[in-house]
Amino acid sequence: MRQSTFHVDDMAKIVSLAKRRGLIFPSSEIYGGFANSWDYGPLGVLLKENIKAAWMQSMAQDRDDVVPIDSSIILAPRVWEASGHLKNFTDPLVDCKVCHKRWRADELRDGRCPECGGEVTAARPFNLMFKTYIGPVEDEAAVAYLRPETAQGIFINFKSIMTTYRLKPPFGIAQLGKSFRNEITPGNFIFRTREFEQMEMEFFVMPGTAPEWLDYWVNERKDWYERYGLRTDNMRLREHTEDERAHYSRGTFDIEYRFPWDWGELEGIADRGDFDLTQHEEFSGEDLRYFDEATKQHIRPEVIEPAAGATRATLAFLVDAYDEEPDGDETRVVLRFHPALAPVKAAILPLQRKPELTNLAKELRSKVRRRYLTQYDETGSIGRRYRRQDEIGTPFCITPDFQSLEDSTVTVRDRDSMTQERIPIDDLTNWLEDRIENG
Ligand code: GAP
């Protein structure tokens, strides 16, 4: 499906297209905006939901050993004591003594302010969790936190899910949802925001088998991005050095993507060992081991965690899909999404605005839309209408023309090759299904 080797190096083009076509735009604009907050418009929601659905399908639906969960965003505050987030989930914060901008210490250039070169203060730890209060009284006893990762909602439910669903390691629990971090330096569009969505899975394995499962999940996750169109040469794998690993990790690999400004983390796959379950046992007093009939032992599983960002993946798929090619005196802008991720699967574009064609087109639309998200457009030249669909990444444009009235076929124009094929109307939905499911 991918034909282009073009890689956009100008983030402004992506931000502008996303705004112009209503995918993603600055939040709270009528109040002058709210820095680093973004809203998803109709097409942005569809893109993000398709990515999440593709993730859930490969992580749970297509497998026998992973089940989904949806836990609360605000959990008992003790959870974050146990998980180590209250103590360890910090970034080293420095202030520039000259321009007073705040930085993470690892962002400094030669130990000085990246903006003005000024001297900076000594680093002090800054906890990234968002604090709130439960109920009307704002005192210490009422403090709670918005979750900074979805993972802990899985660990605290591990034993009950395992028992209820009669699962045995190796098995996983997958969760999609919002997470919140009071980032010191959010930025690069939706790459780093304070409110974002994660797609995480905790895979519980028998002690001693973690290294092979880590390997397995690194490969699975790389394959997933490739299956949905991310180009291999825009991805790389990087192992964390010992001093950059999170407090819970025994080993982490990042899948990185070549974003327009630099390589950046797309997903981390970590070996969390039995850190989390041990901590929750200690803080809750609950025994989170299970009795293994085969070995006649109480076992505390170890955990491999593929942790991805849904909003960050949305950016990567958007960047990777963006393409420009000469089109006469103009430039054709096209988003070459995998058909399963494309917000709109098919556009129904009658060749002319004549009742016999528009009626047939509307009839076709009501048939196709039962299965797939479609758009109907009868305004402007057919060339212009194709271009409008290219810009939002619609893989197929279906056009009823005068021949359709004779032989019940329509043309289907392919977004990437721009070739047209005649397809019998009766075969259309199956034809689309084959192209959309199989890319
Ligand atoms: N449970 C492990 C965990 O949360 P992480 O590497 O901190 O690991 C996992 O986060 C993924 O979540 C990252 O790879 C990234 O895709 C996404 N992510 C993390 N912080 C983010 C932020 N501030 N904005 C957008 N996405 C973020």
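1. Arg 387 is partly exposed, with a relative accessible area of 23%, and in this predicted model its side chain meets that of Asp 327 in a salt bridge of 2.8 Å, N to O. Because Asp 327 belongs to strand S17 (residues 322–327) and Arg 387 to helix H11 (residues 382–392), the pair ties together parts that are 60 residues apart in sequence. Asp 327 likewise counts as partly exposed, at 25% relative accessibility. Through shared partners, salt bridges join Asp 327 and Arg 387 into one network with Asp 323, Glu 325, Arg 332, Arg 336, Asp 390, Arg 413, Arg 415 and Asp 416.

2. The structure holds 47 salt bridges, and one of them is formed by the side chains of Asp 95 and Arg 124, at 2.9 Å from N to O. Since Asp 95 lies in strand S4 (residues 90–95) and Arg 124 in strand S6 (residues 124–127), this pair ties together parts that are 29 residues apart in sequence. Asp 95 counts as buried at 14% relative accessibility, whereas Arg 124, at 35%, counts as partly exposed.

3. A further salt bridge links Glu 115 with Lys 101, where the closest N and O atoms are 3.8 Å apart. Glu 115 sits in the loop between strand S5 (102–104) and S6, and Lys 101 in the loop between S4 and S5, so the parts tied together are 14 residues apart in sequence. Glu 115 is exposed, with a relative accessible area of 53%, while Lys 101 is partly exposed, at 36%.

4. Helix H2 (residues 42–61) packs against helix H9 (residues 310–321) at an angle of about 110°, their axes being 10 Å apart, which makes H2 roughly perpendicular to H9. H2 contributes Leu 47, Lys 48, Ile 51 and Lys 52 to the contact, and H9 contributes Ala 310, Thr 311, Ala 313, Thr 314, Phe 317 and Leu 318.

5. In helix H8 (residues 275–284), the buried residues are Asp 276, Leu 277, Gln 279, His 280 and Glu 281, and what covers them includes H3, H5, helix H6 (158–164), strand S10 (195–205) and strand S13 (263–273). Gly 285, which follows H8, has a positive phi near 80°.

6. Ala 151, in helix H5 (residues 151–155), is buried, with a relative accessible area of 0%. Beyond its neighbours within four places in sequence, Ala 151 is in contact with Glu 200, Glu 202, Arg 272 and Glu 305.

7. On the surface, Ile 73, Ile 74 and Ile 134 form a nonpolar patch with about 240 Å² of accessible area together. Ile 73 is placed in the loop between strand S3 (66–69) and helix H3 (77–82), and is partly exposed at 31% relative accessible area.

Key. Residues numbered from 1 in each chain as written. Predicted model: local features only at pLDDT ≥ 70, side-chain atom pairs only at ≥ 80, totals over all residues. Heavy atoms only, no water. Patch = residues over 30% accessible without salt bridge, like charges linked within 9 Å, V, L, I, M, F, W, Y side chains within 5 Å. Areas by Shrake-Rupley, 256 points an atom, 1.4 Å probe, with all protein chains shown as cover. Salt bridge = Lys/Arg side-chain N within 4 Å of Asp/Glu carboxyl O. Helix = DSSP H or I, 4+ residues; strand = E, 2+ residues; numbered from the N terminus. Buried < 20%, exposed > 50% of the residue type's maximum accessible area, 1.4 Å probe, protein only. Contact = heavy atoms within 4.5 Å. Axes fitted to C-alpha atoms, helices over the stretch in contact; angles between N-to-C directions. Parallel < 35°, antiparallel > 145°, perpendicular 65-115°, else oblique.
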